[in-house]
Amino acid sequence: MMDCPLGCGPVEADETPLRDNRMGLPHVVHVAWCRECGLGITVDAPPRGELAALYEQRYVGDEERRVPRTGALARAWHAVNGSLPLTDLVRSGPVLDVGSNTGEALVALRARGLEVVGLEPNRQAAAVARSYGLEVIESAIEEAELPRARFAAVLLSQVLEHVEDPHSLLRKVRGTLRPGGVVFIVVPNAASVWRRMFGPYWVHWHVPFHLYHHTERSLAKLCAQCGLELREARNVTSGEWLLMSLAVQRNARHGRFDLESFSGRYGRRLLVAPAGRIADALHRGDAIVAQAVSSR
Ligand SMILES: [Zn+2]
């Protein structure tokens, strides 16, 4: 059996087969768990080349209808719904968004007067972002050359769980941070009560794309090993995502493994909101939203 990549000791196999439940991909994988830090590792993900091809074919930004991110009413909605806009936490630029996709976060930050740069491996997504006049470094995250001490903020929203070598990525990110700069990290929370409740139908497994499944503890340990100190970690359970897990569970009963017909109607989101806010307060929410600063 393999060891936890954070150096805790051997990991334990989990027999539960997991499959993609968003796009209906046929891959079935398994996760092994570290008892010490809670990290999950996808042990039988497809080889790198096959994953790269899947990203290229299947992974383009969603054009989902969204509540605007500004204004008092919108803020109140996000507070109730649990859809914390990460961009609201960013105070200063320049900002690098790693995995900037079609540039939605960058547009929001630019509107607040901040200098923004994207990093995006998907050609199609990068082209959409450029059509908004955004600067995008089009490169695989692992291979990107980042300028030293350039950025005051780096966004790693739903990125760390996708990369093969998170240590190397975080060290690179630390190198591109200015003194006093902040890394904003969002990852699914493997210690989530929703993961327990939905089991293999939890929408945040997102295998075979997610290679790691983090907890607050594993995230803090990983950051520390890369010269970063985790300062704040709150939990966020978006009503929309909670409804997606419910839809996945319902679909699976009918032998379906995609979310194409999903509609997270706003009224339903209000119904699930109280449970979401309780789980978040207990640090057992769907996702971890953390801030890390350079510790040296
Ligand atoms: Zn561990």
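Tutor: Four strands form an open sheet in the order β1-β4-β5-β11, and their pairing is antiparallel. The model is a predicted one, in which local features require pLDDT of at least 70 and side-chain atom pairs count only at pLDDT 80 or more, whereas totals for chains, interfaces and linings use all residues. Residues are numbered from 1 along each chain as its sequence is written. Strands (E, at least two residues) and helices (H or I, at least four) are DSSP runs numbered from the N terminus, and two strands pair if DSSP finds at least two bridges between them.

The edges of this sheet are β1 (12–13) and β11 (212–213); each has a single partner strand, so one side of each lacks a neighbour in the sheet. Inside the order, β4 (residues 31–33) and β5 (residues 40–42) run antiparallel and are joined by three bridges. Trp33 has Gly40 in β5 as its bridge partner.

Strand β2 (residues 18–19) contains Leu18. Leu18 counts as buried because it has 23 C-beta neighbours inside 10 Å; the cut-offs are 20 or more other C-beta atoms within 10 Å for buried, 12 or fewer for exposed, and partly exposed in between, with C-beta atoms placed from the backbone. Apart from neighbours within four places in sequence, Leu18 is in contact with Val29, His30, Val31, Pro200, Trp205 and Val207, contact being defined as C-beta atoms, placed from the backbone, within 7 Å.

A second open sheet has seven strands in the order β8-β7-β6-β9-β10-β13-β12, with mixed pairing. Its edges are β8 (135–137) and β12 (228–236), each with a single partner strand, so one side of each is left without a neighbour in the sheet. In general, strands of a sheet pair through backbone hydrogen bonds, either parallel or antiparallel.

Within this sheet, β6 (residues 95–98) has Val95 and Asp97 pointing one way and Leu96 and Val98 the other way, all of them buried. Four bridges link β6 in the parallel sense to β7 (residues 116–119), and Leu96 stands opposite Val117 in β7.

Helix α5 (residues 166–176) has Pro166, Leu169, Leu170, Val173, Arg174 and Thr176 buried. These residues lie on the same side of α5 because they cover an arc of only 165° around the axis, the arc being that of the directions from the helix axis to the C-beta atoms.

For the chain as a whole, the secondary structure comprises nine helices and 13 strands. Of its 296 residues, 42% count as buried, and its C-alpha trace spans about 50 × 45 × 40 Å along the principal axes.

Terms used. Contact = placed C-beta atoms within 7 Å.
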